[in-house]
Amino acid sequence: MKPVIRWLVLPAVAWMWISVPHPAAAEPAGTIIQLAAETNAADEEDEYQGLPPGAGRDETLGICGACHSMKLVTQQGLSRQSWTDVLEYMVDEQEMPELEPEDHKLITDYLTKFYGPDRRARGMAK
Amino acid sequence: MTKKTDDKGTDLFELYAKDPEHADEVVFGRKPHKDRRGFLKGAGLASMGALIGTAIPFHRNMPAGFVPEALAANPMKITGKDGLTILNDRPVNAETPAHLLNDAVTPTSRHFIRNNGVVPENMEADSWKLRLDGLVNNPMNLSIADLKSKFEVVTEQLVIECGGNGRAAFNPPARGNQWTLGAVACSEWTGVRLADVLKAAGVKQNAIYTAHEGADTHLSGKEGKLPISRGVPIDKAMNPHNLIAFAMNGKEIHPMNGAPLRLVVPGWPGSCSQKWLKRIWLRDIVHDGPKMTGTAYRVPQHPVAAGEKVPKDDFGIIEAMPVKSLITTPQTGMTVADKSMTVGGHAWAGDNAVAQVDVSIDFGATWMKADLNSPHNPYAWQQWSADLKFPIAGYYEVWARATDDKGVSQPFAIAWNPKGYLNNSMHRISVRVS
């Protein structure tokens, strides 16, 4: 898989930054230097690929992020039952390790809380 | 909007050659966030500024989740692609906004990307081999040069649409990539007919289904596990418009679209059109490869209520995609001073042709017939246009509705199904007349 992803590096970086919430502020910052100074907070958030803080965030990133980026997670808005089905599918068909019951609950709770049916990022009108 | 030509293919291969490892680590490593941080450090906004080509004075006001237009249109996002919306970066999945699909023949730079696995390391055309085996009389190993010399080479404009295109409109939501409108394209593909190759291989009497394998690997890294392997019934496989393609719009296939060799099985879910094609084998059962079984690319065989739990046995494999249309001009959300406007776009209909397209500016109360071109070849999408007159200033929606040659039209509402497939509900755009 080595050759493929070279051209994704810059875009990935830019995109990740975009997904980080920014405090609204009135005064414009005009220079590149000032822009760069702000990236440390963004940088920290970026480690979680947009996952908001909460119990189960580390486990979710660790387990789900082993195979795919969190963009696949943050697009979704699913019920607890659907998230449970997703984890089952990942174990049955996609080589995810079977989870300990407490990790399973932690991750399902986290996903349901932050990515429930009313939370999805990419719904469209219809 | 500047137009990008699709000549990035060679740059891309050069880039691979230069420093593939670093990029691979950063994006495909098991803990990508660590490496990404290193790359980012102190340079996130500066990088964005560099990409856009200038500083962003009001960056503090820029909403979260907001993509600068300049960046959305920046061809550097994915080399050789222009203006695509990236849904996922590992695996890479990206769709094209409707107004960027206005060309009759979709430029390579605007063709959507749908991946299930890790893109293969080696996409070298000269050493590429395609194997044909299973229930055939003459198993074959064919190079791309063999394909070109032994079979008739044909060029056709062919629609490929992801089975999940439109999933983002499902309510309750369905899991998977949340495609809106743009997981569809009609590029010009050059290759040999799948049917010709199958005939040369000599399909045995008891073969009923094809099985396709590509060179992409499973996201989990598990050795030998295929990310996806789908097939089609022999009848469909023998359709003369299926190609084993080695060129896209007259040039190399884009690496993210399956270079150097792929199937194009138009009119059926894109997943039938295996990318990075390495093997086609014939079977005497319905192929049971990854994403053929369970509920993948399947819908209930009876109507269901939105949100209903459907037993697995009630699902059937999706075959032809349904009739559908897009409004590709103007872009949605325009404010215009003129009360006259030409709207247009494309329409397509799975294995059928489109017979008629109608448009409405009054939420479907009245309709007018659009002008409709015949397809360049079967399985090409068809262009339509209509001259609209808005009676007074105000907010309008333009709706488009295609009807195929069997009399089947697009619905207004979605026929909900658990996995979010086959949304062919009418496309609508907003227009404000000032």
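A residue is called buried if 20 or more other C-beta atoms lie within 10 Å of its own, and exposed if 12 or fewer do. I begin with that cut-off because B:Asn249, with 21 other C-beta atoms within 10 Å, counts as buried by it. The structure under discussion today is a predicted model.

Let me first give the scores. The model has an ipTM of 0.77 and a pTM of 0.80. For chain B the average pLDDT is 87, and 82% of the residues reach at least 70. Over residues 63-76 of chain B, however, the pLDDT is below 50, and this stretch has 27 contacts in the model beyond near neighbours in sequence. Residues 1-54 of chain B also stay under 50, with 112 contacts beyond four places in sequence.

I turn now to chain A. Seven helices and zero strands are found in chain A. Of the 126 residues in chain A, 36% are buried. Among its contacts between residues at least 6 apart in sequence, 74% join residues at least 24 apart.

Next, the nonpolar cores. The largest has 104 residues, and those with the most contacts inside it are B:Val159, B:Ile244, B:Ala245 and B:Val398. Strand 8 of chain B, residues 243-248, gives this core its largest share, six residues. Apart from this core lies another of 13 residues, including A:Leu51, A:Met70, A:Leu78 and A:Tyr115. To return to B:Ala245, its contacts, leaving aside residues up to four places away in sequence, include B:Trp189, B:Ile253 and B:Val264.

Chain B also holds an open sheet of four strands, in the order 4-3-10-7 and with mixed pairing. Its edge strands are strand 4 and strand 7 (209-214) of chain B, each of which pairs on one side only. From one strand to the next, the twist averages 15°. Within this sheet, how do strand 3 (residues 129-134) and strand 4 (residues 140-143) of chain B pair? They pair in the antiparallel sense, over four bridges. A hairpin of five residues joins strand 3 of chain B to strand 4 of chain B. B:Leu130 has B:Leu142 as its bridge partner, and B:Lys129 stands opposite B:Ser143.

Finally, some backbone details. Most residues other than glycine have a negative phi, and most peptide bonds are trans. B:Asn249, in the loop between strand 8 and strand 9 of chain B, has a positive phi of about 50° although it is not a glycine. B:Phe363 likewise has a positive phi, of about 60°. Is B:Phe363 buried or exposed? With 11 other C-beta atoms within 10 Å, B:Phe363 is exposed.

A cis peptide bond joins B:Ala259 and B:Pro260, and B:Pro260 lies in the loop between strand 8 and strand 9 (262-264) of chain B. Another cis peptide bond, between B:Thr329 and B:Pro330, has an omega of about 0°.

How values were computed
Residues numbered from 1 in each chain as written. Chains lettered and ligands numbered in written order. Predicted model: local features only at pLDDT ≥ 70, side-chain atom pairs only at ≥ 80, totals over all residues. Helix = DSSP H or I, 4+ residues; strand = E, 2+ residues; numbered from the N terminus. Contact = placed C-beta atoms within 7 Å. pLDDT = per-residue confidence, 0-100. Core = buried A, V, L, I, M, F, W, Y, C linked by C-beta atoms within 7 Å. Pairing = 2+ DSSP bridges. Axes fitted to C-alpha atoms, helices over the stretch in contact; angles between N-to-C directions.
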